[in-house]
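Please open the structure in a viewer and keep the sequence at hand.

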Amino acid sequence: MISVMIAAIGNIGRAAMLGTSSLRGTLAFAVRVFLNFFDRRTYNSASLMVFIHQLYFTSVQILPLFLFVAVIFGFLINGMAFNAVKNMDYLGRLLMGFVVTELSPFITVLLIALRSSSAINTEIAVMKVNREMSTLNSFRIDLIHYLFIPRILNGVFSMVLLTSLFALVVLSTGLLVSSLVFGTSVDTYVDTLLRSTDVLDIVILLIKCATFGFFITLIPIRIGLSASEELTSIPISVLNGMVKVFVAIVTIEVLSSIIRFI
Amino acid sequence: MQRIEFKVGLFIAITSLLIMASIGYVAYKKGVFSKVHTYTLSSKSGDNLTEGMPVAVWGFTIGRVSALELNDQGIVLIRIKIPDRHNRMIRANSKFVIDKPLIGSPRIIVQTNNLNALPLSPEMVPELTESNDINEIIKRARPIVDKADRIMANIEHITASLSDPAGDVNRILRNAETLTARFSKKDSLLAMAVGDPESVKSIHEAINKLRDITVKVDGILKRVDGMAGKTDEEIYGQDGILPQLRNILRDLLGKLAKIDVTFDNINKVSYEAADSAKDLKGLRNALDETVKSIGNLADEIDRKIPFKARPEIKLP
Amino acid sequence: MTFFDSEDALQTSLNAFLEEHREHLGLVSPDIPLISNLPVWSNIALIRQYHENMPWEEAKALAVELLERFGMAKIVEQRSHSLNKEELFCVMLMRAAMVREAVVVLDRPFRILSNLPEGCFLTDAFHKVDDLIAEAHIFDYNWEKGRYGATDCAKD
């Protein structure tokens, strides 16, 4: 009887270990990458070039589409908000507490995840299939320094910059909507926003953006590395990576909300 | 590569500049770069006090509570930080009140009557007094409650007076009964003394009306007895008991005044008939007493009950 | 030049050699391809950029100068999949030569240059970068020996 119970408990433990192995693996990889942020060898001309290219593909190339989306959202959200909320204080809280701190990072992370995370996942998986990792190893080029950190730093920078840009565009659009459509003075609108602005919220927003950027690039890299040397493993790897990126986005969103409302 | 570098550089520079400018603007507007004045307040209790709590003037937040300390004497010291641009609101005569609204977080309200008064010295430690919405409501409701109390006392007094056998209304009724009885006995004497059938008829009509009025007043008495359970509207409303009572009493006064005039005529006509005059004099005295007492009662009711077109007692 | 009778023997010997010269190793082998999403110049310049933090402009100039030695300046911005076998081999050799005091190892070069009958091309290529390399080693099978010694240029 006791042996059966021990076996049952063992099975539960094994299932738990198996179920969380991916999470543990990701966290261990994240720690490893994070520690390399402080390694001087990470910051060399080759890594900088990769970083610039990544930032170009992730943030600059997407900019026209991104700004267009931000302006459309700005008009929609501000139009609805000004119609629905007559009290300027509530409007300020809605714009700062929801649009800036929740909606802006969410839209940005979705766009970056859909465009860049999938590309990074595919790129790493293709490199693995082509045995290009062996090339780098052969020439003593550290994968974390040269391949991973520039991409992850790009994720962090892009998220912070694009989210801020999105928020600024939405708020500027709000200024237009409020003054041109609803006749609110610029001073009133700005004062309303200022009254609703909490420095702590902005700090949490920036940390959240950086965390989003870190994980939506780290996870595709890790999953891409797990591809085998067969071409057919590439789509499977991308599929797994994108699902895990989605789970990471939801998890970070929930955690940041908990921290904000504690 | 150079083209890419330029574009990326431009993107980072412009976006960073926008972000820095926005954060700088917010920080400037929030007074991060301006000089901040620190004042210390004291309070016997630290209840509802928290760090970061807003300090407001006329609904506008002008500063925040930066620290809370308990000194050796067990007094809570509250340090508030006020940016320089709002510092003119803090004067030596300013009062600091902790406001605890029914809904929402507490805050410190600064009440400054004279903005030209001397500025508050940072060495001074004004006391933080307490105020909250419940107390304020009770304070505001107090006069209304007092007024309601007075009205209830008056109603009780009138009710007691009406139901008291020795009270004014009962006295009127008794007088009216006596009068009626006496008139019924003096019918032949009256006719004989007056020698005027029209006057006799007029007196009889008056007596009959007086009977009707007596019945009405009696009915009112019964209704007043049950007044305790009545609502405000039933008592004071347009169709309420007390306005009716007043009308009836005024009617009674009018009728009795008419009788008074008639009796004056009788007196004049039958001046020389000694027996008749003696009886008529008694009758006149009885009428005078009745009129006077009814008048007093009506005046008292008018004085004690604030008859209004519409009742307006509103409790919180 | 070292020749082996079997793949296993070659692989074992090669691995031992690579391990021994890891610090300055410049391996040319189809098993370590060019990075497919980098242009030719970047594949060559990468080694100096990473290990010596050489600015990309300088590293690119060096790569272009090397490509010019081979008469291949036109392929500077091309990717690996658009190169022919000779170009691919030369770019791999230039990349290996970018290692400081490079110990260049050609691992069965005729797997890359399968279209060439003899090793004259190899010798020419080595001559073009010999100022950059400290040592050069070729690992191949015994049955390929004739491709190296059959011509005059092999003697150089």
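A polar contact is a pair of N or O atoms within 3.5 Å; within protein, one must be able to donate a hydrogen and the other to accept it, and residues adjacent in sequence count only if both atoms are side-chain atoms. This is a predicted model, in which local features need pLDDT of at least 70 and side-chain atom pairs count only at pLDDT 80 or more, while totals for chains, interfaces and linings use all residues. Residues are numbered from 1 along each chain as written, chains are lettered from A and ligands numbered from 1 in the order written, and side-chain values use heavy atoms, without hydrogens and water.

Select S117(A), which belongs to helix 4 (residues 88–129) of chain A. Helices are DSSP runs of H or I of at least four residues, numbered from the N terminus. A polar side-chain atom of S117(A) lies 2.6 Å from the backbone oxygen of I216(A). S117(A) is buried, with a relative accessible area of 1%; buried means under 20% relative accessible area (1.4 Å probe, protein chains only). Leaving aside residues up to four places away in sequence, S117(A) touches I112(A), I216(A), P220(A), M242(A) and V245(A), a contact being heavy atoms within 4.5 Å.

Next, display chain A as a whole. Chain A contains nine helices and zero strands, and 52% of its 262 residues are buried.

Finally, select Y146(A) and L93(C), which touch the most other members of the largest nonpolar core, a group of 137 residues. Such a core is a set of buried Ala, Val, Leu, Ile, Met, Phe, Trp, Tyr and Cys residues joined through side-chain atoms within 4.5 Å. Helix 6 (residues 143–181) of chain A supplies the largest share of this core, 19 residues.

Definitions and conventions: Helix = DSSP H or I, 4+ residues; strand = E, 2+ residues; numbered from the N terminus. Buried < 20%, exposed > 50% of the residue type's maximum accessible area, 1.4 Å probe, protein only.
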